Amino acid sequence: MYEKLTPPTTGDRVTFKNGEPIVPDNPIIPFIRGDGTGVDIWPASQKAIDAAVKAAYGDKRKISWFKIYAGDEACEKYGTYQYLPEDTNKAIAEYGIAIKGPLTTPIGGGIRSLNVALRQIHDLYACVRPCKYYPGTPSPHKHPEQLDVIVYRENTEDIYLGIEWRAGTEICEKLIDILNNQLIPQTPEHGKKQIRLDSGIGIKPISKTNSQRLVRRAIKHALRLPKAKQMVTLVHKGNIMKYTEGAFRDWGYELATTEFRKECVTERESWILSNKEKNPDLSIEENARQIDPGYDSLTEEKRAVVCEEVKQVLHDIWETHGDRKWKEKIMVNDRIADSIFQQVQTRPDEYSILATMNLNGDYLSDAAAAIVGGLGMGPGANIGDQCAIFEATHGTAPKHAGLDRINPGSVILSGVMMLEYMGWQEAADLIKKGIGGAISNREVTYDLARLMEPPVEKPLKCSEFADAIIKHFDD
């Protein structure tokens, strides 16, 4: 079946039902070591994961690791420019769950990004990035402990499906001509806009199908959280890009209020319900005035629309969500993209799960990671309905490769996400406990050591950090 791979002789495949994994007690899990510092990070990560599984379950559960190849290491085994061999994709598809270290961006070979290629090939539409603070981790913020969010970033569209044409090329000039002289004039809302002739052109598709499957997974995750954290925020720039970013928001609300009607309430619905709870005799018009501060300045037609919204909400969900029952539901709200960037810093405890399109989520997840310790402590997962890959979120840092000094936290915490995804929560909790204990005890690698106050004089090696994590399982 494989050209150059030999699967383990013991262990079983992970299978999927309705998009969720069915995990045996001895799963075969493919791993990609990673380029650059992957040579240091992966052994430390595997050691910590195996130790946690052993400590949590004894001999009842065990991972059978299956080495597969991507990046520079794949080229060494399969030949020049073979950055992503067919063997690797077959193994990931067959065994369902994989984990990997950082991969280099290929020069030549026809692949723009190995990470993007893996996501698209296996339809891993949800990029999941939790950002949680471990006490003692150096941070530029006064209260990083207030941030505990999970970014659900759409992984297949927007700029990942972006199609571009370079300025000055024949096809680009044709597109500009068609847009300027045919399409834009036929759409009155665009007014007299014109695209400069020396422009490059790019499109960013956003579909209802892919938007809603991402939001669906985000809501399902929220259902597993404590009540106080059951919130999903739709992040968008819909005030400007109404038919892509705004549509993402609208489709998210549509899904929440149809498929998850019993479990969800929107922020605006909660205002309407709360107003009636405070004053049972409140008129429809006065309720409308309270949820829309600009109500009195609206045209009569627009005021009628707001009143109809209030009337419809009370008719549809007062029995199921009224009398404060909405407080037990998942809150679904939305925020403008630029606003959420400052709010995760100034009011971080108000947010839980952030559902975003691709580009917004890329920026937002890195910005949130910076608050809680940087990408060295940032785990990541790419999840689809038939497959999941867990990964480091940082680069390969080749100048540090082989020096046993880099922080393995990103891959180890990605391993925590993998264990949680598998339903092995006890093992995941041990690693989180071990990382928290090591950091609190100032047993850290150089990247964290130099930022602590006072700086740690003798930082741990990469391999030693794994040992420190394991040591603190018993704290």
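The centres of domain 1 and domain 2, taken over C-alpha atoms, lie 45 Å apart. Domain 1 comprises 1-128 + 379-474, and domain 2 comprises 164-202; these bounds come from an automatic or database domain assignment. This is a predicted model, in which local features need pLDDT of at least 70, side-chain atom pairs count only at pLDDT 80 or more, and totals for chains, interfaces and linings use all residues. Residues are numbered from 1 along each chain as its sequence is written, and side-chain values use heavy atoms, with hydrogens and water left out.

**First annotated group**

- An unreviewed UniProt entry gives the feature "binding site" at Ser-113, Asn-115, Arg-119, Arg-129 and Arg-153. UniProt positions follow the numbering used here, feature names are shortened, and annotations may be inferred rather than shown by experiment.
- Asn-115 sits in helix α4 (residues 114-121), where helices (H or I, at least four residues) and strands (E, at least two) are DSSP runs numbered from the N terminus.
- Asn-115 is partly exposed because its relative accessible area is 22%; buried means under 20%, exposed over 50%, and partly exposed in between (1.4 Å probe, protein chains only).
- Beyond its neighbours within four places in sequence, Asn-115 contacts Lys-100, Leu-103 and Glu-391, a contact being heavy atoms within 4.5 Å.
- Arg-153 belongs to strand β7 (residues 148-154) and is buried, with a relative accessible area of 4%.
- Not counting residues up to four places away in sequence, the contacts of Arg-153 include Arg-119, Tyr-125, Leu-214, Asn-358 and Asp-362.

**Second annotated group**

- The unreviewed UniProt entry also lists Thr-104, Asn-407, Tyr-446 and Arg-450 for "binding site". These positions span 347 residues of sequence and are also spread in space, up to 26.4 Å between C-alpha atoms.
- Tyr-446 is part of helix α15 (residues 446-449) and counts as buried, at a relative accessible area of 16%.
- Leaving aside neighbours within four places in sequence, Tyr-446 touches His-400, Arg-405, Ile-406, Pro-459 and Leu-460.
- The side chains of Tyr-446 and His-400 are joined by a polar contact of 3.3 Å. A polar contact is a pair of N or O atoms within 3.5 Å; within protein, one must be able to donate a hydrogen and the other to accept it, and residues adjacent in sequence count only if both atoms are side-chain atoms.
- Arg-450 lies in the loop between α15 and α16 (462-471) and is exposed, with a relative accessible area of 55%.
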